[in-house]
Amino acid sequence: MHYQTDILALFPSVAPTLVSHTRKLCDAARARGVSVFFANIGFSPGYPEVSPLNKNGQGIRQLGLFTGDQLSPELGRQAGEPLIIAHRASVFHGTDLQVRLSAQGIDTLI
């Protein structure tokens, strides 16, 4: 999930509860030694990563989203917990997530 400020702002009535529950899940994982990774959709100013042929990307560009937002600070990201920046909806496409998971021997995601 992309728990970043631009997305959470779209759902103000449920975002606080969602983030609170997710923080509890992250804390429980940390307490048990489970790796926690975060992912944001992100673009540079001007959206150079977005092809003119990408309709979803063009929609995001028109809305002006995901160029300066942040991971929700309420999640309590710890030092060493990766923040993967994706330029597509899939955090696996065009990122180093798979390499990071493999390097740690992680083969299961929750």
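**Briefing on a predicted model**

The protein averages a pLDDT of 94, and 100% of the residues score at least 70, pLDDT being the predictor's confidence in each residue on a scale from 0 to 100. This is a predicted model, in which local features need pLDDT of at least 70 and side-chain atom pairs count only at pLDDT 80 or more, while totals for chains, interfaces and linings use all residues. Residues are numbered from 1 along each chain as its sequence is written, and side-chain values use heavy atoms, with hydrogens and water left out.

**The largest pocket**

- The largest pocket has a volume of about 800 Å³, and of the 23 residues that line this pocket, the closest to its centre are S35, V36, F37, L109 and I110.
- A pocket here is an open set of points on a 1 Å grid over the protein atoms alone, where a 1.4 Å probe fits and protein lies on both sides within 12 Å along at least five of seven lines; lining residues have an atom within 4 Å of a point.
- At least two lining residues come from each of α2 (15-31), β1 (38-41) and α4 (97-103), and α2 supplies the largest share, five residues; helices (H or I, at least four residues) and strands (E, at least two) are DSSP runs, numbered from the N terminus.
- The lining divides into 19 nonpolar residues, four polar and no charged, where Ala, Val, Leu, Ile, Met, Phe, Trp, Tyr, Cys and Pro count as nonpolar, Asp, Glu, Lys and Arg as charged, and the others, Gly among them, as polar.

**Helix α3 and its ends**

- Among the elements of the protein, helix α3 (residues 55-63) has the lowest mean pLDDT (93), whereas α2 has the highest (97).
- After α3 comes G64, whose phi is positive, near 75°.

**Aromatic residues in the loops**

- The count comes to one aromatic pair, formed by F43 and Y47, which is tilted, at 5.5 Å centre to centre and 45° between the planes; rings of Phe, Tyr and Trp (its six-membered ring) pair if their centres lie within 6.5 Å, with planes under 30 degrees apart counted as stacked, over 60 as edge-to-face and the rest as tilted.
- Y47 lies in the loop between β1 and α3 and counts as buried because its relative accessibility is 7%, buried meaning under 20% relative accessible area (1.4 Å probe, protein chains only).
- Most residues other than glycine have a negative phi, but phi of Y47 is positive, near 55°, and phi of F66 is also positive, near 70°.
- F66 is placed in the loop between α3 and β2 (83-86), and its relative accessibility of 6% is why F66 counts as buried.

How values were computed. Grid points are joined across faces, edges and corners, and a volume is the space filled by probe spheres set on the points. Buried means under 20% relative accessible area, exposed over 50%, partly exposed in between (1.4 Å probe, protein chains only).
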